[in-house]
Amino acid sequence: MSIKYRVIAGISAACGLLLAASGAAHAEVEPGGWSSESPGFKVQERGCGQVDNLTFTLTCSTASGDQRAERRYDTYNGGTHQFEGYFRVTSMGGTRISLKQTFNDTDGDAGPYFMLAVERGGRLYAVHGGDTLSNAGTVGATVRVNTVHEVGKEHRTYINGSLKHTVDSPGGSFYDKFGAYRTGSGNGPATVVWSNVKFWRK
């Protein structure tokens, strides 16, 4: 084997190890029995919200009205569902911007069931109840979010792989949303970039 070939082979092997390590880093929490799925989605742009692939921007500082830039995924019924995604706030001129929602789509109960939002300064919190989940959401930081939803039992939220929030879940129909959305007490401008978004069920 020539020296050139050995060098190339060594580089290829190293790249393979890096790829394997990278793949291992992007895995579901609570492992065991999950099946990957690829639900469809619709893009939602309202008010000053703009969506460019996985970049979600609120261009205005308006503190009223429907200001949103999101992906709304297909509704699911029953079972256990997991969402995983990585977000990075690249600019935050406003505050209290919703990043990820689990939305109740059940007739008579429709509305945001769980909302993860970020304040200027990086505090990540649950909109309903106000619990602080983490202070990791600073501008420029990449944060991993997992939600595990056992419909009719419990909804759990993980930040960077650590369980941070648990709430009881009713039965019914739900769907996932993520992007940048002005909460009732928030305002833009803000830009959020999402990546490595995955879904599983069991």
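Colleague: Are cysteine 48 and cysteine 60 buried or exposed?

Modeller: Both cysteine 48 and cysteine 60 are buried. Buried means under 20% relative accessible area, exposed over 50%, and partly exposed in between, with a 1.4 Å probe and protein chains only. This is a predicted model, where local features need pLDDT of at least 70, side-chain atom pairs count only at pLDDT 80 or more, and totals for chains, interfaces and linings use all residues. Residues are numbered from 1 along each chain as its sequence is written, and side-chain values use heavy atoms, with hydrogens and water left out.

Colleague: What do cysteine 48 and cysteine 60 form?

Modeller: They form a disulfide, with sulfur atoms 2.1 Å apart. The cut-off for a disulfide is a pair of cysteine sulfur atoms within 2.5 Å. The structure holds one disulfide.

Colleague: Where do the two cysteines sit?

Modeller: Cysteine 48 is in the loop between β2 (41–46) and β3 (49–52). Cysteine 60 is in the loop between β4 (55–58) and β5 (68–73). Strands are DSSP runs (E, at least two residues), helices too (H or I, at least four), numbered from the N terminus.

Colleague: Why is the disulfide left-handed?

Modeller: The torsion about the S-S bond of cysteine 48 and cysteine 60 is about -65°, so the disulfide is left-handed.

Colleague: New topic. How many helices and strands are in the protein chain?

Modeller: One helix and 16 strands.

Colleague: And where is threonine 191?

Modeller: Threonine 191 is in strand β16 (residues 190–201). Its relative accessible area is 14%, so threonine 191 is buried.

Colleague: What is threonine 191 in contact with?

Modeller: Leaving aside neighbours within four places in sequence, its contacts (heavy atoms within 4.5 Å) include Phe56, Arg88 and Val89.
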